[in-house]
Amino acid sequence: MAASKTLQALDKPVMTRAPYWADIPDEKWLDWRWQMSNRLNSFEELDAVINLTKSEKKALQSEGLFRVDITPYFASLIDPVDPGCPVRRQVIPTDREMVPFQSMMEDSLSEDKHSPVPGLVHRYPDRVLMLVTTQCASYCRYCTRSRIVGDPSQTFSREEFDAQINYIENTPQIRDVLLSGGDPMVLAPKLLQMILARLRTIPHVEIIRIGTRVPVFLPMRVTDEFCEMISQYHPFWLNIHVNHPKEITPELAAACDRLSRAGVPLGNQSVLLAGINDSVHIQRKLVHELVKIRVRPYYLYQCDLVEGSGHMRTTVARGIEIIEGLQGHTSGFAVPTYIIDAPGGGGKIPVSPNYVLAQAPGKVVLRNFEGFITTYQEPLDYDPGEIVNQENLIERRTEPGQEGILGLLGGDRMTIEPDGFAETHARGGKDHRLRSGEISDKWRPLGIGTIEHDKEEPKKLADPSLEDEQSSES
Ligand SMILES: *Cc1c(COP(=O)(O)O)cnc(C)c1O
Ligand code: SF4
């Protein structure tokens, strides 16, 4: 049995293809350009391939719907008679998509607000997100960027692209550029190569990466030429986007193998979706199938508060339960980090089950995945200063304004205050005997603060006018 199967595999590549396209010659089917130009998007086409439900029909015939396009390859993974099919629900709209929900936004991550130039989101100290196209191979109903994605009129202009590159060139703190969109892999091959080549001429750009769903929607696009092209721009990393084990086909496996052989480290980002993959057992299967094709699960995202995604959202509790079911239960490198991307634009926040149960000086009480409870004895003579000399041999990266909690721990400052904190607590009162700018030193914690603080201090102490004032008062 096994032997004949192998022979068959050698004879003819395994193909994921619905009967609807049975007569299409193989060379067409395997041509990514053919797949792109034969995508399903109209109600009539979809109706011919899939047994559409009333709700799907209604959505497909409504106005103002987020774009629908499905490659014939990906459509072939859909169960035509099961409305709950996890592949189908990702790409075929239902009328639930049109239902508004509390807190939904058009740009829930405030990306456009945090873009110094259109299409370039600079949120973290050392890396940027560069949106290079608004087009994708197929469209995910829950897309966080549906405000621009799929809409050809939102495409970035040549001037905007130049402005993005310009910004990166003039911002030496950027060491990592993430290309996304839309999907950078649907760009014309020459255009994508031009972008990679331009980025590679910038000396401070250390790594380039792409976030793409093309290997999942259109594995034919991962040609040998493509792999050869990107291998000229190493270190180059790539994240794919698989949500359900059904998407891991022999075609995707082969595409990932080609990428891996071209030296590209592969990761996966998935979105936690109600009724699609919000299950410990489905997620376990997913991560196992991913590591088999040498793709490391990277992030599992909580679904964003974006228009159209209301019915696909889960609770956060379900996400934490899924991590509980993975961590310790399976290979460490198969466990993604569960992320809530902060509404309003705070960036990715990792969320995890609690493993630390209690702490006292010298002791930490922990629990493992089985519920075993243990105690870790900490050293009582630990010297955190021992490393300082070695640390000083390393060039430090500065993170102006973004030192965060690490800045508190490092003694850069003592507090982080909400906007307007000082005004609120002044309660409208005027400066008075006990509260004036000039004696604000009484709120300066000893040994905390930046170098500027230290510079200021001796100057103030030596200020003769201050000394005079004090002596005349006494
Ligand atoms: C996700 C994202 C990145 C990359 O984040 P990593 O955690 O490094 O993968 C960078 N910039 C923006 C705006 C992002 O949303
Ligand atoms: S591939 Fe990515 S950018 Fe494109 S529709 Fe899906 S989630 Fe949005």
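Here is a walk through the structure, from its domains to its strands and the ligand.

This is a predicted model, so local features are described where pLDDT is at least 70 and side-chain atom pairs count only at pLDDT 80 or more, while totals for chains, interfaces and linings use all residues. Residues are numbered from 1 along each chain as its sequence is written, and chains are lettered from A and ligands numbered from 1 in the order in which they are written.

Let's start with the domains. The assignment, whose bounds come from an automatic or database source, gives domain 1 (14-94) and domain 2 (120-350). Their C-alpha centres are 22 Å apart. Where they touch, domain 1 puts in 24 residues and domain 2 puts in 22; contact here has C-beta atoms, placed from the backbone, within 7 Å. On the domain 1 side, α3 (32-37), α6 (72-75) and α7 (88-91) each give at least two residues. Helices are DSSP runs of H or I with at least four residues, strands are runs of E with at least two, and both are numbered from the N terminus. That side of domain 1 splits into 14 nonpolar, five polar and five charged residues. Ala, Val, Leu, Ile, Met, Phe, Trp, Tyr, Cys and Pro are counted as nonpolar, Asp, Glu, Lys and Arg as charged, and the others, Gly among them, as polar.

Next, follow the chain along β6 (residues 266-271). This strand runs parallel to β7 (residues 296-301), with five bridges between them; a pair needs at least two DSSP bridges. V271 sits opposite Y301 in β7. From β7, another right-handed β-α-β unit goes through helix α14 (residues 316-326) to β8. Three bridges link β7 to β8 (residues 337-342), again in parallel, and Y301 stands opposite I339 in β8.

Further on comes an open, antiparallel sheet of three strands, ordered β10-β11-β12. β10 (356-360) and β12 (373-377) are at the edges with a single partner strand each, so one side of each has no neighbour in the sheet. β11 (residues 363-367) runs antiparallel to β12, with five bridges, and K363 faces Q377 in β12.

Finally, the ligand. Around ligand 1 are V121, R123, Y124, R127, L129, L178 and K348, each with its C-beta atom, placed from the backbone, within 6 Å. This shell has four nonpolar, three charged and no polar residues.

Definitions and conventions:
Two residues are in contact if their C-beta atoms, placed from the backbone, lie within 7 Å. A crossover is right-handed if, with the strands pointing away from the viewer, the path from the first strand over the helix to the second runs clockwise.
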